[in-house]
Amino acid sequence: MDYRRISFLTWTTLTALLLQGSSGIKITRVVVPARLEVGGQGDLDCSWEEDTDHMYSIKWYQGAHEFYRYTPTFRDPIQVFDPPTLDVDLEKSWGGSVRIANVSLGAEGPFHCEVSADGPTFHTASDSASLTVVDLPDGVPVIKGVRSHYLPGSWVDLTCTSFRSKPAVRLSFVINTQPVSPGWLEPQSDQTDEEGLTTSSLRLRFSLRPRQLEEGEVRVECISEIPGVYRESSQDVLSTSPPYHASVRGGSAAPAGTRVWPSPLALALSLLLLAPIATHPLL
């Protein structure tokens, strides 16, 4: 008996069966939301084509965990396997389309769709797409370090902090609607806790210039953003007490509300002008 010939025929037969199965059913599209917020919801969709095979079941996996199965020949076609990272909305799920809700940070990563064919091939096709989960910061950014009043030349040292987000926010400062000089900023500090959430801080330091105080205050705004997803800001005022006014730059300035008395020369000229009126009373 020629065992080599038998082995060759067996291998040829298996290869033909595999090729037949691979052309029988295939996935054409797997769609998941590109990004969801923690607690949010979105739709998964898996599409396929049949040729010689017929679909037996569709399964969705989050990572290695199967959480949804659709088997149209079963009495209860949909099965849900209680995923720990999300919920499945059964009323809005059917076939290869699944509505997921209440997603957690653990839901981030690849989602796999698997379509299995009925016998005799039992071919299985699969494809995947990735989901990003965003956890927004705990409130608006907070500015610390503002003093009760400032004068020209006063040193300003402020820190803006945005608490616990994923991914880390991008912080920036604006003074009177204008971006600050890069030389006034320290590199942003990002600290990630055991839950994977990041608290970010940005420090601003500069010396106040007289022209910045001509209107009596300087408005400082801190902006916290995750591009395309989130943008919040907070604002504080650096004011003078009393307000500083400089009508001539480089000259001295008097606080607002201060009474200015006339000079002795001005008083003497006023008396001379009034003297003729006093010596010729009206008839």
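A salt bridge, as the term is used in this talk, is a side-chain nitrogen of Lys or Arg within 4 Å of a carboxyl oxygen of Asp or Glu. Please keep in mind that this is a predicted model, in which local features need pLDDT of at least 70, side-chain atom pairs count only at pLDDT 80 or more, and totals for chains, interfaces and linings use all residues. Residues are numbered from 1 along each chain as its sequence is written, and side-chain values use heavy atoms, with hydrogens and water left out.

By this rule, the count is 13 salt bridges.

I begin with Asp157 and Arg203, whose side chains meet in a salt bridge at 2.7 Å, N to O. Asp157 belongs to strand S12 (residues 155-165) and Arg203 to strand S16 (residues 198-207), so the pair ties together parts 46 residues apart in sequence. Strands here are DSSP runs of E, at least two residues, numbered from the N terminus. Both partners are partly exposed, that is, between the limits for buried (under 20% relative accessible area) and exposed (over 50%), with a 1.4 Å probe and protein chains only: Asp157 has 26% and Arg203 has 29%.

Salt bridges with shared partners also join Asp138, Arg164, Asp193 and Glu195 into one network.

Next, Asp45 pairs with Arg29, their closest N and O atoms lying 2.6 Å apart. Asp45 is buried at 18% relative accessibility, whereas Arg29 is partly exposed at 44%.

Finally, Arg69 and Glu66 form a salt bridge at 2.7 Å, N to O. Here Glu66 is buried at 14%, and Arg69 is partly exposed at 23%.

Methods: Helices (H or I, at least four residues) and strands (E, at least two) are DSSP runs, numbered from the N terminus.
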